[in-house]
Amino acid sequence: MKVAIQMDPIEGVNIASDTTWLMAMEAQNRGYSLWVYDFRTLALDEGRLYCRARPVTLKQVQGDHVTFGDEVKLDLGRDIDVILMRQDPPFDMAYVTATYLLETVHPQTLVVNDPAQVRSAPEKLLVTHFPDLTPPTLISSDPVALVDFHKRHGDVVLKPLHGAAGSGVVRLKADDPNLEALIEIHATGSRDPLVIQKFLPAVSAGDKRILLVDGEPVGAINRVPLKDQVRSNLRVGGTAAPVELTPRDLEICAAIGPTLKERGLIFVGIDVIGDWMTEINVTSPTGAQQLKQFSGVDAAALMWDAIETRRIPSA
């Protein structure tokens, strides 16, 4: 297969921990041809979608891990079998526009994840389709509604709707007077709503990242926050640890799995604190390298198995 990866610069990835790197290496090991490109080079010209891309050869040597060929112009509807949409958020209008452009070639060229569904299922919104599985949550820009939620639930977590990697996440205890000021600060730089959610004390024991492939759970890692911190994301100091799936985790996955599969969300990471799901990550979920290191389960290989059932005719 011919695979194009829409991603942040591959030169800068940490090959020991980056999930996109694991996906790319698995593709190369299967004999696929690989190109990488920046979403800003996408060009819709008279109904055909092009990008400027570089072929790559990869090796497992940090700092000398990629060799580039000459840049080429790819017709993404004709030259490529699979596109991995793996650039990191922010999930802003540039990101949204890229999904519109990729939608012009999908599913003739399989885009993972389905760009229309990525656009329709932001991490902190899709989770609200399953209120029985989530803690009390409000999404709004209205200061009156946000303050009322804080009064009703006391200890809460506030975060930007389209934030990622723990950016902008704060905890507000019941008597904290700073909510209205935080709302004002957020409004000066963004028109996006905020998410306010009942605080879950179980986060001190970790925030579980469960990976699902084609709607089925394949394993999990635990992300343990630093002492007295509410954010457990690995990028802000959380520590990855092995963990087993509980009956409650499996219950959550069974409830959401059919929706993920129906929407063409092949590679997904959900966040679970205690007994409650807090996010469904569909843009560029991480955790696959740590899962493989802890358990031997290769979520990237399972993802490519799922893709092959769609792209490669059976003998």
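A crossing of two helices is called right-handed if the near helix is turned clockwise from the far one by less than a right angle. In this predicted model, the crossing of α5 and α6 is right-handed. Helix α5 spans residues 143–153 and helix α6 residues 179–189. The two pack at an angle of about 145 degrees. Their axes lie 10 Å apart. On the α5 side, the contact is formed by Pro143, Leu146, Val147 and His150. Helix α6 contributes Leu179, Glu180 and Ile183. By class, 5 of these residues are nonpolar, 1 is polar and 1 is charged.

The protein as a whole contains 9 helices and 17 strands. Its radius of gyration is 20 Å, which agrees with the value near 20 Å for a compact globule of 315 residues. Along the principal axes, the C-alpha atoms fill a box of roughly 60 × 45 × 40 Å. Buried residues account for 50% of the 315 residues. Among contacts with a separation of 6 or more, 67% link residues 24 or more positions apart. The accessible surface amounts to about 14,400 Å². Carbon and sulfur atoms supply 51% of that surface.

Phenylalanine 294 provides one example of contact across the sequence. This residue lies in helix α8, residues 288–295. Beyond its neighbours within four places in sequence, phenylalanine 294 touches Ile221, Ala240, Ala241 and Pro242. Alanine 240 is 54 residues away in sequence, yet the C-alpha atoms of the pair are 9.4 Å apart. Phenylalanine 294 counts as partly exposed because its relative accessibility is 36%, between the cut-offs of 20% and 50%.

Several loops carry backbone features of note. Two cis peptide bonds were examined. One joins histidine 106 and proline 107, with omega about 5 degrees. Proline 107 sits in the loop between α2 (93–103) and β8 (110–112). Another joins valine 112 and asparagine 113, with omega about 0 degrees. Asparagine 113 belongs to the loop between β8 and α3 (115–120).

Positive phi values occur at two non-glycine residues, glutamate 46 and aspartate 214. For glutamate 46, phi is near 50 degrees. The residue is found in the loop between β3 (43–45) and β4 (48–58). Glutamate 46 is exposed, because its relative accessibility of 79% is over 50%. For aspartate 214, phi is about 55 degrees. This residue lies in the loop between β13 (207–213) and β14 (216–224). Aspartate 214 is buried, because its relative accessible area of 14% is under 20%.

Technical notes: Residues numbered from 1 in each chain as written. Predicted model: local features only at pLDDT ≥ 70, side-chain atom pairs only at ≥ 80, totals over all residues. Heavy atoms only, no water. Axes fitted to C-alpha atoms, helices over the stretch in contact; angles between N-to-C directions. Helix = DSSP H or I, 4+ residues; strand = E, 2+ residues; numbered from the N terminus. Contact = heavy atoms within 4.5 Å. Nonpolar A, V, L, I, M, F, W, Y, C, P; charged D, E, K, R; others polar. Rg over C-alpha atoms; globule rule 2.2 N^0.38 Å. Buried < 20%, exposed > 50% of the residue type's maximum accessible area, 1.4 Å probe, protein only. Areas by Shrake-Rupley, 256 points an atom, 1.4 Å probe, with all protein chains shown as cover.
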